[in-house]
Amino acid sequence: MPIRRLPEQLVNRIAAGEVVERPASALKELVENAIDAGATRIVVALSGGGIERIEVIDDGCGMPPEDMTLAVERHATSKLPDDAIENVVTLGFRGEALPSIASVARLTLESRVRGADGWSLVVDNGRKEGEGPAALPPGTRVRVEQLFARVPARRKFLRSERSEFAACVDVVKRLAMARPDIGFTVEHDGRRSLSVQPGEDRPSRVAALTDRGLADNSVAIDYERGNARLGGVAGLPTFSRGVADHQFLFVNGRPVRDRLLIGAVRAAYQDLLARDRHPIVALFVDVPGEEVDVNVHPAKTEVRFRDAANIRGLIVGGLRHALDAAGHRSAQQPSAAALGQWQREPMNAPLYPTPQRSFASAGTQSSVWDRHEGFTPMPAARAEIATAAPPEAQSFPLGVARGQVAATYIVAEAEDGLVIVDQHAAHERLVLERMRRAVENGGVARQALLIPDVVELDEVACDRLEARIGELAEMGLEIERFGPRAILVRAMPALLGAGDPKGLVTDLADELAAFDAALSLKEKLDEVAATMACHGSVRAGRILSVAEMNALLREMEVTPHSGQCNHGRPTWIKLGHGDIEKLFGRK
Ligand SMILES: Nc1ncnc2c1ncn2[C@@H]1O[C@H](COP(=O)(O)OP(=O)(O)O)[C@@H](O)[C@H]1O
Ligand SMILES: [Mg+2]
C-alpha cells in the first residue's frame with residue numbers, strides 16, 4: 001500500500017483517542033483552559049453524565065474571533081511563547097485539546113474579550129459549521145454535545161452516566177484543590193453538586209473538597225529538601241478512611257496521579273495506621289521546571305521526576321515532620337456513631353440495673369464497654385476527691401486524672417470536658433516513641449537485673465534471638481546464649497520499669513519467627529515496641545495510682561503521635577462539655 005499523509009480530520013480523531021477518553025477527560029481540558037485564561041469563577045454544567053452535554057463558562061481573558069478559528073486547529077497554542085516546555089507555567093501547552101474534542105463531538109465555542117464584541121463558532125465532528133456574532137459577558141463559554149455520537153467504538157466503552165459524572169466531579173475537585181483562589185461550581189442535570197468560593201486558603205479548600213472535619217483534624221505541611229518544596233495538608237492518622245480515595249498530589253500546581261505518592265504516603269504513615277486504613281492527604285510539590293517532565297502523557301496526568309528519590313524523601317520527610325508536630329492530638333471528638341450509643345435510660349427504669357462495668361453516673365451506660373452478663377465485679381474506679389480545680393487547658397490539655405475505670409481507662413477532667421484514655425494503647429505508643437528517639441540517639445537505656453534471668457526456649461527460638469543480640473541491645477534488652485536451649489537476660493529496657501523478662505523474651509522469639517530475616521528490627525520497631533510495652537508496667541487491667549495516671553497524661557501531652565496507638569486507633573477521646581450537656585438533654 002502506498003504511504004500517504006493523513007487528512008487533518010483523521011489526525012485529530014487519532015489524537016482524540018489519547019486526549020479524550022471519556023467526558024471527564026474533555027472536561028479536564030476545558031477547565032484547564034479556563035484556568036489558563038485567568039478566570040476567577042468557573043461554572044461547569046453537565047447533562048447525562050457529560051455524554052450529552054458538557055458546558056464550561058469562565059470569566060477569563062476571552063479570545064478575539066481570529067484566535068477562535070486558530071484555537072480549533074491542531075497544534076495551535078498561545079501558551080509556549082519561547083518554545084520551551086520545561087518553562088511552561090500553564091496547564092495546557094500541546095494545543096490539541098480543542099481540535100481533538102471538536103473531532104468527536106459537536107463543539108460550540110463562544111468568546112468575548114473585554115471591551116469587544118462576542119463571537120461564536122461551531123465545529124461538528126471535525127467540520128466547521130458556521131460562525132457569527134454572539135452575546136455573552138466577557139470570557140469564554142464552551143459547549144460539547146453528544147460526545148462520541150459518531151464514534152460508536154468509543155461510545156461503547158463509556159460507563160453509566162453516574163460513573164461518568166463521578167469522574168467529571170473528581171476532575172474538577174482536583175483542579176479546584178490546586179487553585180483555591182478560583183471559585184468553581186458544578187451542576188448536573190440542573191442540580192448543583194459542588195460549589196466553592198474564590199479566595200479561600202488552601203487548608204479550607206482541601207477540607208471543603210474532601211471532608212469538612214479535616215480542618216480540625218489535620219496538620220499543615222511546609223517542608224524543603226534540596227531544591228524541592230512540599231506544602232499541603234495531612235490528615236491525622238485517627239481521621240483516616242477505609243479507602244485511599246482522598247489522596248491528592250500536585251506537581252507545580254498540576255494535579256497528577258503517581259505511584260510514587262502512594263508508596264511515600266504509606267511509608268510516612270507506616271506505624272501510625274493499620275494496614276487497611278488510608279490517610280487523607282493533599283500534597284503540593286514544587287520543583288524547578290527542569291526537574292520534572294510534564295510531557296509524559298497526552299492527558300498530562302503523569303509526570304516524571306529527574307530525581308525521584310529526592311521527591312520520595314521530600315514527601316516522607318515532610319509528612320513525618322508535620323505529623324511529629326501534631327503531638328498528642330488525635331481525632332478528638334468521639335464519632336457521631338459512638339456518641340449515639342450513649343443511651344439514656346427510660347424514665348421509669350430501675351435506678352440500678354444489673355450491675356455492670358458502668359461508667360459515670362447510674363442511668364448512663366455505654367455499649368462501648370464490655371458487658372459481662374451475670375458477672376458483677378466490684379467497681380474498679382476509685383474516685384479522687386475533686387479538690388483541685390481543673391487546670392488551665394493550655395497547660396494540661398488532657399486534664400487531671402479523676403479515676404480509673406475497669407482497670408483499663410483513665411478518666412480525667414480537662415478544662416473543656418471529660419477525657420477518657422485507653423491506658424494500655426497510650427502506653428504502647430509512648431514506649432514506641434521513646435524507643436524510636438532513643439534508637440536514633442544511639443540506644444535505649446538499660447537496667448541491669450540484680451540476678452540475670454534464665455529463660456528456657458527451644459533451640460530454633462534461641463538461634464533466632466542470638467542472631468539479633470546486637471539489635472536487641474540497642475533496644476535496651478541485653479541477652480546472652482546460655483547453652484543450647486536457654487537465653488540469659490542480663491538487662492531490660494529501663495523504660496519498661498520492672499518488666500517481665502521471661503514473657504518478653506518468649507514473645508520476641510515468637511515474633512522473630514514471623515519477621516522476614518532481611519528486615520532489621522528498626523524497620524519493625526513498632527511491633528517490637530508493642531511487644532515490649534505489653535511486658536512493661538502499664539497494662540490493661542493494672543490498677544494505677546493517681547500519680548501514675550497523671551504522669552501518663554503529662555507524657556502523652558509532650559510525645560509525638562501519642563494521640564493514636566500503633567495501629568491508628570485513638571488512645572484518648574474527649575467528651576466536651578457541650579457533648580455532655582447534649583447527652584443529658586440540657587441542650
Ligand atoms: N477558555 C478559554 N479562554 C481563553 N482562551 C482559550 C480558552 N480555551 C482555549 N483558549 C485558547 O485556545 C488555545 C488552544 O487551546 P487547546 O486546544 O486547549 O490547547 P492548549 O491549551 O494546549 O494551548 C489556547 O492556547 C488558548 O489560547
Ligand atoms: Mg488546553
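Let me start with the open sheet: 3 strands in the order 21-23-22, with antiparallel pairing. This is a predicted model. Strand 21, residues 446-456, and strand 22, residues 478-481, are the edge strands; each has a single partner strand, so one side of each is left without a neighbour in the sheet. From one strand to the next, the twist averages 15 degrees.

Now the pairing of strand 22 with strand 23. One pair to look at is E478, whose bridge partner in strand 23 is A491.

Next, the helices around this sheet. Helix 12, residues 459-467, lies across strand 22 and strand 23. Its direction is at about 130 degrees to strand 22.

Which residues of helix 14 are buried? They are P501, G503, L504, V505, L508, A509 and L512. And what covers them? The cover includes strand 21, strand 22 and strand 23, along with helix 12, helix 13 at 469-474 and helix 15 at 525-534.

Last, helix 6, residues 161-178. At 1.5 Å a residue, its 18 residues should span 26 Å, and the end C-alpha atoms are 26 Å apart, which agrees. The buried residues in helix 6 include E164 and R174, as well as F165, V169, L175 and M177. A167, C168, V171, V172, A176 and A178 are buried too.

Conventions
Residues numbered from 1 in each chain as written. Chains lettered and ligands numbered in written order. Predicted model: local features only at pLDDT ≥ 70, side-chain atom pairs only at ≥ 80, totals over all residues. Heavy atoms only, no water. Helix = DSSP H or I, 4+ residues; strand = E, 2+ residues; numbered from the N terminus. Expected span 1.5 Å × (residues − 1). Buried < 20%, exposed > 50% of the residue type's maximum accessible area, 1.4 Å probe, protein only. Pairing = 2+ DSSP bridges. Axes fitted to C-alpha atoms, helices over the stretch in contact; angles between N-to-C directions. Contact = heavy atoms within 4.5 Å.
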